[in-house]
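Please look over the structure below with these notes beside it.

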Amino acid sequence: MIAAKYDESKIMTHTKTISAIPMTDLAIITGSANWGLAFPEDVAMPGVKVLARDLSFDTPYGQSDNWKLLEFDGGNTVDGQSRQVLCMYSHGNPRDHIDHSCHRRSFWVLMESGVKKVLACSTIGAVNKAIQPGDLVINADIIELTQTPYSLLPGRQRFDCSGKQIVCHHCAKILADTAREIWPSTCRVHGIEQGLVAAHAYGPRLTSPAEALAFRSMGADVINHSIAPEATLSREIGACFVPCAFVTAGFNDYMDRGRGSLLQEGVLPSLSMVASRLALQTAARLPIGDQCVCHALKSPQPEERYIRY
């Protein structure tokens, strides 16, 4: 019954409606970690329902589509209160073409919504030999040498956005504690305390062996196709950011030039449901309000820096 309800041809023909942006404190970003599922419908987590789907929002940078508005009842949440959560489809990507500027549109929506915590789901490749396919990795830092090009800051002189603590330690602990309850015992959970580093490389082409070696030589442990713009834009809108990402390719998978495919078969389908459940359970446990220093790492600059020129 579920497969029939969410048949791809039916999903693609849904009518998009331009909507008012709802006010929410929390956003979940879906991604490759959730591919093959209707999120959160297929997870069927008690107390989580979809209030609206196929939402589209107008932004100064164009239209942002395929949003859902979720509701968690008080029986699930850490404070016992019901809460609404914005759900962004596949990192904000359009369904029918590649457009990396989608991140700016999507995070403009989150900024207007008042979102203060962002949980982003994805899959990653490991260039650290100690990290294996199936492992969950909550990295502590990122490498993105070009700096994210699609900024939401109002010019260069008004704010400084620190690159320190780019991942929220408070949210990361809640995610790791939740993961250790439900993640398969045959795989590991690498928490933020391990200080692992995620390199960013825009897709959709997967990383070449030479690129994987280059990122490793710079200190990266894993490679992610979406983390830099999401972590950076979370900082720009004053929100906490935490990645929920698991490994689908290991170091040897990158280096095996005789094998055409990169990703290990079976990892994504075996873990996508667990990762989706983990995202929902973590979202329910994240407290409302500021419990960390993330919001203070975007600092306004003196007025004379931008009024005098």
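**Notes on the predicted model**

1. Strand 6 (117-126), strand 12 (222-224) and strand 13 (240-249) each supply at least two residues to the lining of the second largest pocket; helices (H or I, at least four residues) and strands (E, at least two) are DSSP runs, numbered from the N terminus. The model is predicted, and local features need pLDDT of at least 70, side-chain atom pairs count only at pLDDT 80 or more, while totals for chains, interfaces and linings use all residues. Residues are numbered from 1 along each chain as its sequence is written, and side-chain values use heavy atoms, with hydrogens and water left out.

2. The second largest pocket holds about 650 Å³ of space. On a 1 Å grid over the protein atoms alone, a pocket is an open set of points with protein on both sides within 12 Å along at least five of seven lines, a cavity is a set of points where a 1.4 Å probe fits but cannot get out, and lining residues have an atom within 4 Å of a point. Grid points are joined across faces, edges and corners, and a volume is the space filled by probe spheres set on the points. Of the 31 residues that line this pocket, Ser32, Trp35, Gly203, Pro204 and His225 are the closest to its centre. Strand 6 provides the largest share of the lining, four residues. By class the lining has 13 nonpolar, 16 polar and two charged residues, where Ala, Val, Leu, Ile, Met, Phe, Trp, Tyr, Cys and Pro count as nonpolar, Asp, Glu, Lys and Arg as charged, and the others, Gly among them, as polar.

3. A search of the whole structure finds one cavity of 30 Å³ or more, and about 30 Å³ of space lies in the largest cavity. Its lining is made by His91, Ala120, Cys121, Ser122, Asn224, Ser226, Ile227, Glu230, Phe241 and Pro243. Strand 6, helix 6 and strand 13 are the elements that give two or more residues to this lining, and strand 6 gives the most, three residues. Five of the lining residues are nonpolar, four are polar and one is charged.

4. Which residues touch the most other members of the largest nonpolar core? They are Phe72, Phe107, Leu110 and Trp183, in a core of 78 residues; helix 8 (residues 267-285) contributes the largest share of this core, nine residues. Such a core is a set of buried Ala, Val, Leu, Ile, Met, Phe, Trp, Tyr and Cys residues joined through side-chain atoms within 4.5 Å, and buried means under 20% relative accessible area, exposed over 50%, partly exposed in between (1.4 Å probe, protein chains only). Apart from it lies another core, of 11 residues, including Val127, Ala201, Ala212 and Phe215.

5. Ser234 belongs to helix 6 (residues 227-236) and counts as buried because its relative accessibility is 0%. Leaving aside neighbours within four places in sequence, Ser234 is in contact (heavy atoms within 4.5 Å) with Phe107, Val118, Ala239 and Phe241.

6. Helix 4 has 14 residues and reaches 20 Å from its first C-alpha to its last, close to the 20 Å expected at 1.5 Å a residue; the expected span is 1.5 Å times one less than the number of residues. Cys171, Ala172, Ile174, Leu175, Ala176, Thr178 and Ala179 are buried in helix 4. Among the elements covering these buried residues are strand 6, strand 7 (136-137), strand 10 (189-190), strand 13 and helix 8.

7. Most residues other than glycine have a negative phi, and most peptide bonds are trans. Phe39 and Pro40 are joined by a cis peptide bond, with omega about 5°, and Pro40 sits in the loop between strand 2 (26-29) and strand 3 (48-59). The bond from Gly203 to Pro204 is also cis, with omega near 15°; Pro204 is in the loop between strand 11 (197-200) and helix 5 (209-217).

8. Asn66, in strand 4 (residues 62-72), has a positive phi near 70° and is buried, at 13% relative accessibility. Gln165, in the loop between strand 9 (159-161) and helix 4 (169-182), has a positive phi of about 50° and is partly exposed, with a relative accessible area of 38%.
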